Every structure is written in structure tokens, then in C-alpha cells.
Amino acid sequence: MLRIDEDFKQHILQNYPLSHRDLEMLLDDLGEFFKRDYREYIRDRHLQLQKQNMKNDEIYQMIQGELPRLRFSAPELSTRQIRRIIYG
């Protein structure tokens with residue numbers, strides 16, 4: 001579970017139409033999303049883009065461009081390194 005300061009939780013509850021239960025569910029979902037590392041992101045993103053009928057060469061370039069803008073720090077990866085993360 002994502003650890004959030006109680007004062008911040010109260011701020012959210014006062015400013016948004018959420019119940020305590022909804023806030024806890026939201027924080028659980030956010031915690032699951034934010035605990036992923038860049039390798040998981042690459043594998044998940046590859047599958048998403050394949051479902052959009054994109055070719056691997058396009059996918060690798062897109063992922064290379066997305067990694068520097070994400071919430072986790074990912075090293076700069078080559079196309080070959082991305083392919084290895086996806087296929088092992």
C-alpha cells in the first residue's frame with residue numbers, strides 16, 4: 001500500500017468527492033502501479049503497442065522515447081537492451 005500522510009489524506013477527502021473507502025482503494029491502486037520498475041513497464045508497454053498492430057521496430061523506438069519521461073529512473077537503453085528485457 002502507498003504510504004500517505006494523514007493530513008494529505010484529509011486534504012484529498014475535503015477537496016474531492018471521495019469516501020474514505022474510495023480513497024483507500026485509489027491509494028491501493030496507485031501503490032500497485034507505482035511499485036513497478038522500468039523492466040515491467042517495458043514488457044507491459046510492448047504488449048499494449050503490439051495490440052495496436054505496431055511493428056517491433058516502431059515499438060522499440062517509442063519505448064526509448066518514453067523511458068526518460070517516466071516516474072522511475074530508467075537507464076538509457078538501446079533497442080537491443082529493450083528487446084532483451086521483453087524476450088529474455
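Predicted model: local features only at pLDDT ≥ 70, side-chain atom pairs only at ≥ 80, totals over all residues.
## Helix α1

Helix α1 spans residues 6–15, and its buried residues are Lys-9, Ile-12 and Leu-13. Around the helix axis these residues cover an arc of only 95°, which puts them on the same side of α1. The background is helix geometry: with 3.6 residues a turn, an α-helix has residues three or four places apart pointing the same way. The partner of this buried side is α2 (20–34), against which the buried residues of α1 pack.

The face turned away from the buried side carries Asp-7 and Gln-14, and these residues are exposed. Asp-7 also takes part in the cap at the N-terminal end of α1: a side-chain oxygen of Asp-5 lies 3.0 Å from the backbone nitrogen of Asp-7.

Side chains of opposite charge can pair when their charged atoms come close. The structure holds 5 salt bridges. One of them joins the side chains of Lys-9 and Glu-24, at 3.2 Å from N to O. Lys-9 belongs to helix α1 and Glu-24 to helix α2, so this pair ties together parts that are 15 residues apart in sequence.

The relative accessible area of Lys-9 is 9%, and because the cut-off for buried is under 20%, Lys-9 counts as buried. Glu-24 has a relative accessible area of 27% and is partly exposed. The pair is also part of a network of salt bridges that links Glu-6, Lys-9 and Glu-24.

## Arg-36 in the loop between α2 and α3

Arg-36 sits in the loop between α2 and α3. With a relative accessibility of 18%, Arg-36 counts as buried. The side chain of Arg-36 forms a salt bridge with that of Asp-44, at 2.6 Å from N to O. The two side chains are likewise listed as making a polar contact, at 2.6 Å. Asp-44 is partly exposed, at 34% relative accessibility.

Which residues does Arg-36 contact, leaving aside its neighbours within four places in sequence? They are Tyr-41, Asp-44, Arg-71 and Phe-72.

Glu-66 and Arg-45 form another salt bridge, in which the closest N and O atoms are 2.8 Å apart. Glu-66 lies in helix α4 (residues 56–66) and Arg-45 in helix α3 (residues 38–51), so the pair ties together parts that are 21 residues apart in sequence. Both Glu-66 and Arg-45 are buried.

## Packing of α4 and α5

Two packed helices are described by the angle between their axes and the distance between the axes. For α4 and helix α5 (residues 79–87), the angle is about 105° and the axes are 10 Å apart. Angles of 65 to 115 degrees count as roughly perpendicular, and α4 and α5 are therefore roughly perpendicular to each other.

On the α4 side, the contact is made by Asn-56, Tyr-60, Ile-63 and Gln-64. On the α5 side, the contributing residues are Thr-79, Ile-82, Arg-83, Ile-86 and Tyr-87.

How values were computed. Residues numbered from 1 in each chain as written. Heavy atoms only, no water. Buried < 20%, exposed > 50% of the residue type's maximum accessible area, 1.4 Å probe, protein only. Helix = DSSP H or I, 4+ residues; strand = E, 2+ residues; numbered from the N terminus. Arc of directions from axis to C-beta. Contact = heavy atoms within 4.5 Å. Polar contact = N/O pair within 3.5 Å; in protein donor to acceptor, adjacent residues only side chain to side chain. Salt bridge = Lys/Arg side-chain N within 4 Å of Asp/Glu carboxyl O. Axes fitted to C-alpha atoms, helices over the stretch in contact; angles between N-to-C directions. Parallel < 35°, antiparallel > 145°, perpendicular 65-115°, else oblique.
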